[in-house]
Amino acid sequence: MTIILSIFSAILSVSCNLTDHDLTGNAFGSYFSIEYTGENRDDELRSVIDLLDHNFDTDGNGDVAKINSAPVNSAVTVNEYTFAALTLAFEVAEASGEAFTPAAFPLTELWGFAPNNFTGTATSVPSAERVSEVLNVVGIRHFSLDKANSTVTKLTDGAKLDLGGIGKGFAAETVRNMLGDKAKVIDFGATFHITDPVKVSIQNPRGDNLIASATVSNSSVATSGDYQRYYIFDGVRYHHIMGINGYPSGYGAADPVISATVTSPNAAVSDALSTAAMVLGNTVELETLLNKYNATAVLFTASAHYYIGDTPFIMN
């Protein structure tokens, strides 16, 4: 079996026996595929996935949308999964200096990358003054989590949350916990948890060829890149991963990271850290962060690649 981490999708080919199940569908603005053995649990799995998709959505009336629209200092009671996802997201945000943060949604909206306003084109980009203004409401300090009551309170008007950078990984990890040793390959939009040994290949973010591969087992793999949601304006590529300075990660850099693949024991952590890796790049700060979570990374720029930690990936 070979998995390809590609620009738009993961291509999965597997030979199943009669006891295998392959549940597929759409969630979090992408696809999912779950291969597992044992009794059929499709309905139970789909119910949980639908619940997560509903509550993590920034639109509608799920938990995250309710938090974002709530008045300042008004506690919002959330589902246990939502609270767990936010708790982990806040932890990684703090550990990464908010290179990854679930509280950058005002910037995502400003730059035109929110799911409900992304068109793939732009007639202008935000001014430096506007970016600076919006940065004032970005960050986890604008929210308070109350574990005892499973509530989230917004502390600053205009602050907003978004679990897009960890949601697919959290869903994969939730499914993994539900299935236990019956899980084989769990794939949420190319964020994976893999049990048995599987060959995983990374596709060139600027082409169709495969540039690296690894045999992975009992581990999770996630990739972030500047090619998944972007537009070109005045010859410059702007993408949806926001840097700490309020601009898309790598903005203005001579050779920015364009793709980051992280391997770790936890799919939600891999998901979040792949975003942090795009922002931090090949730095001591990223190495320290990855070590904290027993994670490794392979980073690609337009002209080079970098291994951080004992990553299983090797260049093709």
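What follows walks through the sheet, the helices packed on it and the nonpolar cores of this predicted model. Residues are numbered from 1 along each chain as its sequence is written, and side-chain values use heavy atoms, with hydrogens and water left out. Since the model is predicted, local features need pLDDT of at least 70 and side-chain atom pairs count only at pLDDT 80 or more, while totals for chains, interfaces and linings use all residues.

Start with the sheet. Helices (H or I, at least four residues) and strands (E, at least two) are DSSP runs, numbered from the N terminus. An open sheet of 8 strands has the order S3-S4-S8-S9-S12-S15-S16-S17, with antiparallel pairing; two strands pair if DSSP finds at least two bridges between them. Strand S3 (21-27) and S17 sit at the edges with a single partner strand each, so one side of each has no neighbour in the sheet. On average, neighbouring strands are turned by 10 degrees against each other, direction ignored. Within the sheet, S12 (residues 219-225) and S15 run antiparallel and are joined by 6 bridges, and alanine 222 stands opposite valine 262 in S15.

Two helices lie across these strands. Helix H6 (residues 167-179) covers S4, S8, S9 and S12, at about 160 degrees to S8. H7 lies across S9, S12, S15 and S16, at about 150 degrees to S15. Axes here are lines fitted to C-alpha atoms, for helices over the stretch in contact, and angles run from 0 to 180 degrees between N-to-C directions; contact means heavy atoms within 4.5 Å.

Then there is helix H8 (residues 284-292), with Leu286, Leu289 and Leu290 buried (under 20% relative accessible area; exposed is over 50%, partly exposed in between, 1.4 Å probe, protein chains only). Down the axis of H8, the buried residues fall within an arc of 95 degrees, so they line one face of the helix; the arc is that of the directions from the helix axis to the C-beta atoms. They pack against H3, S15, H7, S16 and S17. The face turned away carries exposed Val284, Thr288, Asn291 and Lys292. Just after H8, asparagine 294 takes a positive phi of about 55 degrees.

As for the cores (sets of buried Ala, Val, Leu, Ile, Met, Phe, Trp, Tyr and Cys residues joined through side-chain atoms within 4.5 Å), the largest has 64 residues, with Ile34, Leu161, Phe188 and Leu273 making the most contacts inside it. H7 supplies the largest share, 9 residues. A second, separate core of 16 residues includes Val185, Phe192, Val221 and Val298.
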